[in-house]
Amino acid sequence: MIKTNTLRSKAFTAVFILLFAVLLATPFFEIPASYELYNPTAPWALLLAHAGVPFIFLPILLAFLLAYKKGGAAALPAIRKGAITLFLYYVFELCTVYPLKVLWGRARFFELLAAGGASGSVTGVGLAGYSPWYLPQFFAGGSSFPSGHTAFVFGGLTLFCFAVYLGKGKLPALIYSWGYVLLMAFSRVVLGRHYVSDVVAAMLIGLCCLEAAYSFTPAVAARLGGQAKNKTAAEEGKTELPVP
């Protein structure tokens with residue numbers, strides 16, 4: 001158990017450092033990248049924008065159903081923990097991302113383009129009205145930073161947590177979850193709804209929310225399990241009153 005926790009801690013630290021390093025570098029390349037990638041009519045990106053978020057739950061629910069079908073009652077503890085992790089993740093994510101959006105007030109790339117904010121060469125050496133991610137605009141009305149779509153689908157990594165609880169399928173769950181997150185992040189930049197820094201920051205937030213959800217899950221599961229046992233014991237301890 002200690003070895004597993006140490007490995008998880010190292011993996012979390014490594015991914016966090018990598019993402020944060022990319023975030024620090026984004027002001028140097030994200031404007032040219034936004035110009036280069038911008039395609040607001042890309043069908044696949046629009047499909048992800050409108051239907052991609054709800055579909056993150058489908059593989060998780062299928063995994064729960066398949067685990068129960070194969071394992072029966074023996075799989076219920078893992079399913080319970082998976083559901084708790086999923087719930088906690090979205091509590092933490094929703095309480096973090098949307099207040100930050102309002103606070104930061106960062107204007108989106110496509111909004112600045114529509115306002116005629118392009119400056120410099122056609123390849124995008126500048127964008128009038130652009131603010132780097134580390135300078136919050138404080139309730140200016142924008143909602144670009146961080147990316148809500150990216151942070152939301154990062155919750156798909158709870159599928160990997162469920163695989164850990166179940167003790168099988170960890171690698172496929174990890175590959176699928178991260179692949180979906182990266183695809184969603186890329187689509188948000190392609191549509192001009194977000195800068196690279198927005199989606200990377202969303203991944204950092206999602207990573208921290210996932211770590212918190214995973215860490216709190218055992219305590220919440222134990223508490224809920226204890227309440228269920230107490231309720232069952234109380235019901236079994238009831239005796240019928242003798243009929244006079």
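Modeller: Start with helix 3, residues 43-52. Ala45, Leu48, Ala49 and Gly52 are buried there (under 20% relative accessible area; exposed is over 50%, partly exposed in between, with a 1.4 Å probe and protein chains only). These four span an arc of only 115 degrees around the axis, so they lie on the same side of helix 3. The arc is taken from the directions that run from the helix axis to the C-beta atoms. An α-helix has 3.6 residues a turn, so residues three or four places apart point the same way. Now turn to the other side of helix 3: Pro43, Leu47 and His50 are exposed. The buried residues pack against helix 7 (148-153) and helix 9 (170-190), where contact means heavy atoms within 4.5 Å. Helices are DSSP runs of H or I with at least four residues, strands are E runs of at least two, and both are numbered from the N terminus.

A word on the source: this is a predicted model, with residues numbered from 1 along each chain as its sequence is written. Local features need pLDDT of at least 70, side-chain atom pairs count only at pLDDT 80 or more, totals for chains, interfaces and linings use all residues, and side-chain values use heavy atoms, without hydrogens or water.

Next, the rings. The structure holds 19 aromatic pairs. In one of them, phenylalanine 12 and phenylalanine 16 have ring centres 6.0 Å apart and planes at 35 degrees, so this pair is tilted. (Rings of Phe, Tyr and Trp, the last by its six-membered ring, pair with centres within 6.5 Å; planes under 30 degrees apart are stacked, over 60 edge-to-face, the rest tilted.) Both sit in helix 1 (residues 2-25), 4 residues apart, about one helical turn. Phenylalanine 12 is partly exposed at 23%, and phenylalanine 16 is partly exposed at 29%. Tyrosine 35 and phenylalanine 109 have centres 5.3 Å apart and planes at 90 degrees, so they are edge-to-face. Tyrosine 35 is in helix 2 (residues 30-37) and phenylalanine 109 in helix 6 (residues 109-114), so the pair ties together parts 74 residues apart in sequence. Both tyrosine 35 and phenylalanine 109 are buried. They also belong to a cluster, linked by ring pairs, with Tyr38, Tyr130 and Tyr195.

Last, the cysteines. The count is 0 disulfides (pairs of cysteine sulfur atoms within 2.5 Å). Cysteine 208 has its closest cysteine sulfur 7.0 Å away, in cysteine 209, too far for a bond.
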